[in-house]
Amino acid sequence: MLGLLGFGLMAASTAPARAETCDDLWYARNEIYKAQGYCFRTARGISAFGNAGCQYDAVEDVPLSNSQRRTIADIAREERARRCPR
């Protein structure tokens, strides 16, 4: 997982190839949301990222660049392909 800490800055096409597990994919996807101020609701999200400094309760309200949106979509696609739990 440590290799994905800078994932938000990596090219979208490298994300799924670098992720080794469903947990890695989940972490990489949600790390982008955390960096942009998302307030997590699930125990897993809060445990992994906390909610200090969060600003957005709805994922739709999180301000994401086009690149971040593509990266999230690529990760979600890989999660579906691997049948990762949601």
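Reader: What makes the link of Cys39 and Cys54 right-handed or left-handed?

Author: This is a predicted model. The angle about the S-S bond of Cys39 and Cys54 is 95°, and with that value the link is right-handed.

Reader: How do you know that Cys39 and Cys54 form a disulfide?

Author: The sulfur atoms of Cys39 and Cys54 are 2.1 Å apart. A disulfide is called when two cysteine sulfur atoms lie within 2.5 Å, so the pair qualifies.

Reader: Which parts does the pair tie together?

Author: Cys39 lies in the loop between H2 and helix H3 (43-49), and Cys54 in the loop between H3 and H4, so the pair ties together parts that are 15 residues apart in sequence.

Reader: Why does Cys39 count as buried?

Author: Buried means under 20% relative accessible area. Cys39 has 8% relative accessibility, so Cys39 counts as buried.

Reader: How many disulfides does a search of the whole structure find?

Author: The search finds two. Besides the link of Cys39 and Cys54, a disulfide joins Cys22 to Cys84, with an S to S distance of 2.0 Å. That distance is within the 2.5 Å cut-off, so the name applies here too.

Reader: Why is the disulfide of Cys22 and Cys84 called left-handed?

Author: The torsion about its S-S bond is about -80°, so the disulfide is left-handed. Cys22 lies in helix H2 and Cys84 in the segment after helix H4 (66-81), so this pair ties together parts that are 62 residues apart in sequence.

Reader: Are Cys22 and Cys84 buried or partly exposed?

Author: Cys22 has a relative accessible area of 25%, so Cys22 is partly exposed. Cys84 has 11%, under the 20% limit, so Cys84 is buried.

Reader: What pattern do the disulfides of the chain follow?

Author: With bonded cysteines counted along the chain, the pattern is 1-4, 2-3.

Reader: Which element gives the most to the lining of the largest pocket?

Author: Helix H2 (residues 22-35) does, with four residues. The pocket holds about 250 Å³ of space. Among its lining residues are Trp26, Arg29, Tyr38 and Arg86.

Reader: How is the lining of the largest pocket split by class?

Author: Five of the residues are nonpolar, two are polar and four are charged.

Notes: Residues numbered from 1 in each chain as written. Predicted model: local features only at pLDDT ≥ 70, side-chain atom pairs only at ≥ 80, totals over all residues. Heavy atoms only, no water. 1 Å grid on protein atoms, 1.4 Å probe; cavity = no way out; pocket = protein on both sides within 12 Å on 5 of 7 lines; lining within 4 Å. Points joined across faces, edges and corners; volume = space filled by probe spheres on them. Helix = DSSP H or I, 4+ residues; strand = E, 2+ residues; numbered from the N terminus. Nonpolar A, V, L, I, M, F, W, Y, C, P; charged D, E, K, R; others polar. Buried < 20%, exposed > 50% of the residue type's maximum accessible area, 1.4 Å probe, protein only.
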